[in-house]
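Good morning, and thank you for coming.

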Amino acid sequence: MERVQEVASSCNQDLPPEFIRPENEQPRFTTVPGRRLEVPVVDFGAPEGNNNLVKLVYDASSQWGLFQIVNHGIPNDVIENLQRVGRQFFDLAIEEKEGYAKDPSSKSIEGYGTKLNTIKGTQEIKGWVDHLFNKIWPPSAVDYRFWPRNPPDYREAVEEYAKHLHEVVNKLLRYLSLGLGLAADELKAAVGGAELVYNMKINYYPPCPHPELALGVPAHSDLSAFTILVPNEVQGLQVFRDEHWYDVGYIPNALIIHIGDQIEEPHSFCWKKSICFNANLQILSNGKYKAVVHRSIVNKEKTRMSWPVFMEPPPDLEVGPHPKLVSEDNPPKYKTKKFGDYAYCKLNKIPQ
Ligand SMILES: O=C(O)CCC(=O)C(=O)O
Ligand SMILES: [Fe+2]
């Protein structure tokens with residue numbers, strides 16, 4: 001399969017037709033011009049035990065499903081190294097990157113790849129993006145075959161980031177748990193405890209001759225309990241709110257948190273009708289936390305990159321509304337099923 005990076009370097013000023021989105025998805029018609037969305041910013045520098053933080057995280061997760069964290073405690077050089085080794089991987093010759101290509105015959109999404117996006121089952125429209133998936137935690141989930149050996153410090157840089165990420169994940173899960181009225185450690189247990197899988201993706205969006213006609217990753221919500229994303233400095237993340245798409249303002253060194261859920265592949269702006277509420281924090285919280293619908297746009301001159309880490313329950317864990325959050329007055333709104341079955345249905349577009 002041809003990689004978008006190769007298309008970008010050979011297409012001159014023409015956007016190949018398979019990348020042109022239908023008009024109801026094109027950024028030129030669907031982005032609110034000149035408006036950056038002020039998504040909530042939560043300062044994790046405040047002392048632990050500060051109830052205000054629990055409330056800020058609760059409000060952001062229930063009203064937006066997306067927020068940024070500043071003063072998260074991950075040193076800037078750890079994040080810069082993560083970004084550098086990712087960039088260096090994508091700067092390698094295509095033949096070397098293909099050595100890490102995902103195995104098309106396997107169910108696993110690990111490795112280097114390019115996604116085909118199906119619209120209305122027939123016409124295939126491609127996103128302007130290549131990616132690399134690596135499970136980075138826990139050790140039992142890691143498969144080093146898919147980790148680049150070049151640059152030589154890729155593994156060290158990514159493992160250092162994973163090590164620091166634990167603190168943020170644990171803090172976040174405590175606040176999210178307390179926000180629901182659960183004990184501090186109950187939500188973590190419900191998403192798999194020490195078995196929670198950190199599935200990292202690196203998105204690589206090369207410069208695009210017609211960014212107003214294309215999309216990087218089209219509208220979706222994440223297949224995760226929640227996602228922690230680091231972008232580079234090139235603006236590109238957008239969220240859907242009040243029937244419009246808004247840019248999420250870039251804040252240097254902030255982490256972007258997405259609450260995960262699932263929707264069917266959106267066909268048009270009527271995508272809301274096809275929402276299939278069926279997973280993860282939205283389910284676990286029995287609807288209190290909202291998954292966020294988002295997409296990414298691309299840039300004419302600059303390469304955009306992003307490093308989302310999808311926090312996923314282990315495949316055999318049953319995910320459903322937390323027993324302590326349902327009652328006769330507040331019955332479960334969602335079915336309980338194994339995360340692996342849910343993920344399989346989503347990836348194969350089987351109605352849940
Ligand atoms: O690149 C971004 O900012 C968003 C990427 C994204 O939403 C995804 O890969 O799930
Ligand atoms: Fe996403």
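Which elements do the buried residues of helix 3 pack against? They pack against strand 2 (41-43), strand 3 (66-70), helix 6 (154-179) and strand 12 (255-259). Contact here means heavy atoms within 4.5 Å.

Before I continue, a word on conventions: this is a predicted model, in which local features need pLDDT of at least 70 and side-chain atom pairs count only at pLDDT 80 or more, while totals for chains, interfaces and linings use all residues. Residues are numbered from 1 along each chain as its sequence is written, chains are lettered from A and ligands numbered from 1 in the order in which they are written, and side-chain values use heavy atoms, with hydrogens and water left out. Helices (H or I, at least four residues) and strands (E, at least two) are DSSP runs, numbered from the N terminus.

The buried residues of helix 3 are Leu53, Val54, Val57, Asp59, Ala60, Ser61 and Ser62. Buried means under 20% relative accessible area, exposed over 50%, and partly exposed in between, with a 1.4 Å probe and protein chains only. After helix 3 comes glycine 65, whose phi is positive, near 75°.

I turn now to the metal site. The iron ion (ligand 2) is coordinated at 2.1 Å by His220 (NE2), Asp222 (OD) and His294 (NE2); donors are N, O and S atoms within 2.8 Å of the metal (3.2 Å for Na, K and Ca), and sites may look incomplete, since water is not among the atoms. Distant parts of the chain are linked here: histidine 220 is in the loop between strand 8 (197-205) and strand 9 (226-231), and histidine 294, 74 residues apart from it, is in strand 13 (residues 294-296). Histidine 294 counts as buried because its relative accessibility is 5%.

What lies around ligand 1? A polar side-chain atom of arginine 304 lies 2.2 Å from an oxygen atom of ligand 1, and for histidine 220 the corresponding distance is 3.0 Å. Taken alone, ligand 1 exposes 290 Å², of which the protein buries 98%; these areas come from the Shrake-Rupley method with a 1.4 Å probe, and for residues only the protein chains shown count as cover. Strand 14 gives the largest share of the shell, four residues.

Finally, isoleucine 228 lies in strand 9. Isoleucine 228 is buried, because its relative accessible area is 0%. Leaving aside neighbours within four places in sequence, its contacts include Tyr161, Leu255 and Trp307.

Key
A polar contact is a pair of N or O atoms within 3.5 Å; within protein, one must be able to donate a hydrogen and the other to accept it, and residues adjacent in sequence count only if both atoms are side-chain atoms.
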